[in-house]
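Colleague: I am new to this one, and I would like to learn how to read it. Could you walk me through it?

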Amino acid sequence: MPESSPEPSNHYNEPSSPESSAGDPSLRRAIKLTTSLISLSHSIRVFSVKWQSIRTKLEDLLSGLDSVENSGAGENPLLSGEFPAIFSTLNDCHNLSKGCLDLSFSGKLLMQSDLDRIGSKLDSHTKNLSSIYTAGILKNSYAIVVSRPGPAASTEDVRFYVKDLFARVKVGGTELRKQALVAFNEVIEEDEMYIKIAVEVGGFIGVLVSFLEFEEAEYTNSAGFDIYKSVLIGAGVIGPLIQVLESGSEIAKERCTRCLMKLTANSDNAWSVSAHGGVTALLKICASCDCGGELVGLACGVLRNLVGVEEIKKFIVEEGAISTFVRLLRSKDEVSLINAIEFLQTMASGDDSIRRMIVKEDGARLLLRILDPKYSFILKSRLVALCGIMNLCFTSVFSLSILMNDGFLDHILYFLRNGELSIQELALKAVFKLCEISEDGNKAMGESGFMPVLVKLLDSKSFEVREMAAESLSIMISIHRNRKRFVQNEENVGLILKLLDPEEGNSGNRKLLLSILMSLTSCHSARKKIVHSGYMKHIEKLAEAEVSDAQRIVRKLSSNRFRIMWSGIWHS
């Protein structure tokens, strides 16, 4: 094809330049020629895929030209120098469009090659415009900084200001972009008229979502997501956010999921997220080993919001979520691991079938692995794993048998002896729950050395620890075999009696301690140890102070001593 002149041909019915001093005439002409070509491309019926691609590239170029015009940078010499090449390409594109409309081209292969060449040139122009901006060539000396309209400003003034801000965000350098983000954030917080007009401005949602890709996004609160959720939902923000989840950078995905977290806090929006393919995109993030722990955690958070809708919860299960999140329990990234446990608990809440699925997928053993002291997991991971075990495995005989066979009691005993206060308290809670639900568990704990440890915890500085230890011990020694084993340890009875010293004022768990002693009085050897203990006087003082449980114990012991004495006289 022959070389075309740098100026566009007369095939264009070029309108006259607008009566405005703002913007360069060459820039206005380029905008009008590009707009005309976009319109013309819709009429072409041959090489439709090629022309669809060219139309997209023309639209990208038009967006760049519009941004140049809105930012007042048309007279920048570097930008002005780009216009002759742009006009040349637009002229070529017009000639090709005429040939396709008239079917006057000489060969299909040659035309396809020419169309590809034009597409490449359009891409090049768009990139050149962008690079001039991002390289910092567009300085404040070239840009007309539009002032924020005053309180009495017209709607048109506000619209012009918003469009200018959008232009700076799209193609401005770092400093201008930062300023635009800060300004936009300020105006939408102060006056809702700005967000309403922004919605009316073409490309608002696209620009809004593009904020998520910018490093300067820290300067905006996700462009008003907190304040104008309903407006954004109505403007169709969810679809573009899901697209970012599918193909954006990791930092954009993180910001996108934060926005979705806020939007899905209202369950009414859950359906929209699901309808746009959000569930699949979120699960893909959670299944990807390339994603960072923070992103997985945010994706888990959005999914937790979605499972509040029962139909969506079923779909999430059908999409293989249980297998995905059980696999995450093997993750070396503990942020991902913690979020996986919390999500599984949310899914299984009130649903035995999902609990069974988790156990079937080896979830119980993987949670136990996190508790194993020989592995170096952080404290929070162990706390969350222990909560997960109690919520997911304590309701099933089968799950409990897996726990007992795989060392659960050994791990719990370790944390009772050596753990920090937070995990010690949680381990005690697990012991107490196990005491309540399983007689076999009670017997196993009695045999595994839990009772001496619980007795020592009766003297803990933490009231919660003392109370749970006493409650657990009270249930444990209700079993005859455990009572016998308890009494065999000389220190156990003495320590309980010592803790009942009225002068210590430690009455918080006195009732439980007295209950334990009452249970022990049914055992002959325990009665003897109580009577001959140096701390028997503590029980007697409490009885004198009319503490009813202490009086009952004294009466029982006195009655037994009388019978023993009478039996001795009878047999003498």
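Modeller: Let us begin with the surface: the chain has an accessible surface of about 27400 Å², and carbon and sulfur atoms hold 50% of that. Such areas come from the Shrake-Rupley method with a 1.4 Å probe, and for residues only the protein chains shown count as cover. This is a predicted model, where local features need pLDDT of at least 70, side-chain atom pairs count only at pLDDT 80 or more, and totals for chains, interfaces and linings use all residues. Residues are numbered from 1 along each chain as its sequence is written, and side-chain values use heavy atoms, leaving out hydrogens and water.

Colleague: How many helices and strands are there in the chain?

Modeller: Helices (H or I, at least four residues) and strands (E, at least two) are DSSP runs, numbered from the N terminus. Here the chain has 33 helices and 0 strands.

Colleague: Is Gln345 buried or exposed?

Modeller: Buried means under 20% relative accessible area, exposed over 50%, and partly exposed in between (1.4 Å probe, protein chains only). Gln345, in helix H18 (residues 334–348), has a relative accessible area of 16%, so Gln345 is buried. Of the chain's 572 residues, 49% are buried.

Colleague: Which residues does Gln345 touch?

Modeller: Contact means heavy atoms within 4.5 Å. Leaving aside residues up to four places away in sequence, Gln345 touches Val384, Cys387, Gly388, Asn391 and Leu392.

Colleague: How many residues of helix H26 are buried?

Modeller: In H26 (residues 450–457), 6 of the 8 residues are buried, including Phe450 and Leu457. The buried residues of H26 pack against several helices, among them H23 (408–418) and H29 (490–499).
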